[in-house]
Structure formats: C-alpha cells, structure tokens
Amino acid sequence: MSGPPWKRCVGSSRSASGALTGNRYSNSTELSCGPESGVLSVASLVPVILLPVFRLGAAKGRGHGRLVQEVIARASREMTNFDVENRLLMEDGTVKTVHLIGHAMQSSSGEPEFVGAVMDVTEQKWALAERARLEQRLRQAEKMEAVGRLAGGIAHDFNNVLAGVFAYGEMVLDEAPEGSPLRRYAQNVLTAASRGRELVEQILAFSRSQRGKRAPVDVAPVVAETLELIRGSLPANIRLESNAPDLPLVVLGDATQLHQIVMNLCSNAIQAMRTGGTLRVTLEAAEFPGEQALSHGTLDPGRYVRLIVADSGCGMDEATIVRIFEPFFTTKEIGQGTGLGLSLVYAIITDSGGAIDVKSAPQQGSTFTIYLRG
Ligand SMILES: Nc1ncnc2c1ncn2[C@@H]1O[C@H](COP(=O)(O)OP(=O)(O)O)[C@@H](O)[C@H]1O
Ligand SMILES: [Mg+2]
C-alpha cells in the first residue's frame, strides 16, 4: 500500500477505572494500541483524542475529533465495526486528517473490544485537493485560450465591417442638413458603431493578452494615472482612497495591460456600489519566503508587487465567485457588461507569473488582490 503505513491497534472499552457500565460510558474509553503503538483515548464527551505514537499530539477543539468520538462510542454501544475519517485539531494548531477503522469483537468478559488501524491521511488529502485545483486551472487556461483565439479572429473581421459602417455613416452625416432627422439618425449609427468598436477593442485586448510584450515598468505612476482618470468620472456618492509608497515598484509587464487591470477592477468596484461606498486602492511591495496558495493560483516564493482593489459594494455569492474569470460571464444587463473585464485581468496576470486572490460575500463588499512578479 502506498502512503504512510497503517498502525495496528487493539482496543478495549475498558479504561483504567473500568469504564463501560451497561450501555453507558463513565468517563473514558480507551483503545490501547500496545506498548510500541501508544494509546488512542476517547473521552466520552470531551473531544480529546490522543495518538502519541502517530505523533499526532493531543487533539483538542470544537468539532474536530468529535466524529471519531461519536462513532467509537456508538460502535462500543452497538458492538459494530467502524470506518471513519476525521479532521483533528492538534495542540500546535495544525489540522490533521486521520482514517480509523475498527473491527468489533467481544472480550471473554463480554465487553466490546476492537482490533483496528489508524492512518494519518493528511498528505494524501492535500495532494488530492491540490490535483483538483491544478486540473481546474488547466481547464480554465484551455478555455481562455480557445475563446481568445476564436474571439480574436471574429473581432478582427468585425473591425473591418465596422470600418465600412463608420465610413458611410460619416458620409451621411456630412451630407445631412444641420438639425434634420437624417443627421440624428446618422449620429445614432455612429454612436452604436463606436460602442461596437469599444467592444471589439476589449476582445482584441483579451486575445492579445495571451502574448503580451514584457519590459520593466514602474507600477505606481500607471496606477496613479488610471486613478486620475477614474476620479474624473467618479459618482459623487463614492469615495476613492488610494495608498501607494513613494518608492518605485517595478514589475515585468506592459503598461497598457497594467492600466487595463486597474481600470477593469475599479470599474467593477464602482458598478458594485450603486448606492455609494468606498473604493480603496492600495499598492505595496510583498515578499514570500515559501509557496503561497491564493483563491486563484499559487505564487512561487519571491518578491511581488501587490495591488489591492477593495470596495464596500454588493459583494458576490460563491456561485458567482467561481465563474467571474470565465470569458463572457456577466451578471450585468445586456449593454452594461461584456463579461470580458476579469477574464482579461486573469489572462494578463497568470500569463506573467502572478496570481489573484478574491475575497467577497454578499453585501460584504469585495477585495481583489493582484500579485505581479517584482
Ligand atoms: N467588485 C465586484 N463586486 C461585485 N461583483 C463583481 C465585482 N467584480 C466583478 N464582479 C462580478 O463578476 C462579473 C464579471 O466581471 P467582468 O469580467 O468585469 O465582466 P462585466 O463587468 O462586464 O460583467 C460581474 O458581472 C459581476 O457579477
Ligand atoms: Mg467589468
């Protein structure tokens, strides 16, 4: 068998003071596991499990270990086998997952006795979760690439179509007499075409983001310039607070792409605060000595520039959070959202070795933390 070996243990419900009377516990039940394998002690109502041999230490804590305790208590009462997996909170604050199996037998005196095994499956659980996370990331990357390629192709052709609409729209506008309905119609054609061009630009930016050019850029002035633009069109009921150190924060990237990241995160934040609120933008240096797991991606150890965009808006539920980076995913009305903003942010960040952390809950606001490789 792979993984840590199972520890065999033989247990008895009898404790030092002879615990089981009738169908009820007195104060403790012991699974004694032999001199070299230690003691698994299950106190009846206190969630304490001692597994010294398995170097698990003493497990204390609300909820943790309780399931094991209940299962063993029931197995003792009903003389049944048990097979249980449970998370234990160790004294040093770490959490372990253990798998216990026990086969019930009757001792010569008629009391329940168990032959069983216990295995620390923490590492296996972690490896399984990590694998699921990597698979999910791979699927997302594949999806982004396919959509990016497709959208890029369509957008390019669409641009050519729009060029015709613009050219003839402008000709009509020039010919139409001032103040005539025809002039208004032509203006509407041009406005709609401009909206189309903005959309095409976003799609092209999205598909280009997968092969962006990279050079050292100081993020601070890029963020400051973008915030200046945002401040200009900020609704009166939204306060913008920004925080950035005076020293340069240099990353390998593309200034236009960085501008797009800040712009997209801030406009989402503003759109989430329909009834007003505070938009907080923070820029700072960060350094990680070890690998760092985030809600979306893992960071290698090293230096980063951290951009935090936090709002006090409507927030998101779990079902929304898992989909926000999907291309074309939007909860906004038609014409309000394209669903491309965050997928563009995601593509730019992950492409440059960065990662994103998202924290949000309904009515609790949202915080997007972006890590850019320093
Ligand atoms: N700050 C935020 N607060 C609440 N919801 C957000 C926030 N940012 C993004 N979202 C959610 O993520 C979705 C996708 O965002 P995005 O990709 O920028 O597309 P769009 O803004 O065009 O809808 C939004 O429709 C919204 O539901
Ligand atoms: Mg958006």
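## The lining of the largest pocket

By class, 18 nonpolar, 20 polar and eight charged residues make up the lining of the largest pocket, where Ala, Val, Leu, Ile, Met, Phe, Trp, Tyr, Cys and Pro count as nonpolar, Asp, Glu, Lys and Arg as charged, and the others, Gly among them, as polar. This is a predicted model, in which local features need pLDDT of at least 70 and side-chain atom pairs count only at pLDDT 80 or more, while totals for chains, interfaces and linings use all residues. Residues are numbered from 1 along each chain as its sequence is written, ligands are numbered from 1 in the order in which they are written, and side-chain values use heavy atoms, with hydrogens and water left out.

A pocket here is an open set of points on a 1 Å grid over the protein atoms alone, where a 1.4 Å probe fits, with protein on both sides within 12 Å along at least five of seven lines, and lining residues have an atom within 4 Å of a point. The largest pocket is lined by 46 residues, and Asn268, Gln271, Lys332, Gln336 and Gly337 lie nearest its centre. The largest share of this lining, eleven residues, comes from α5, a helix being a DSSP run (H or I) of at least four residues.

## Ligand 1 and its shell

Ligand 1 sits in the largest pocket, meaning that more than half of its atoms lie within 2 Å of the grid points.

## Polar contacts

Oxygen atoms of ligand 1 make polar contacts (N or O pairs within 3.5 Å) with the side chain of Asn268 at 2.8 Å, and with a polar side-chain atom of Thr330 at 2.5 Å. A polar backbone atom of Thr338 lies 2.8 Å from an oxygen atom of ligand 1.

Note on methods:
Polar contact = N/O pair within 3.5 Å; in protein donor to acceptor, adjacent residues only side chain to side chain. Helix = DSSP H or I, 4+ residues; strand = E, 2+ residues; numbered from the N terminus.
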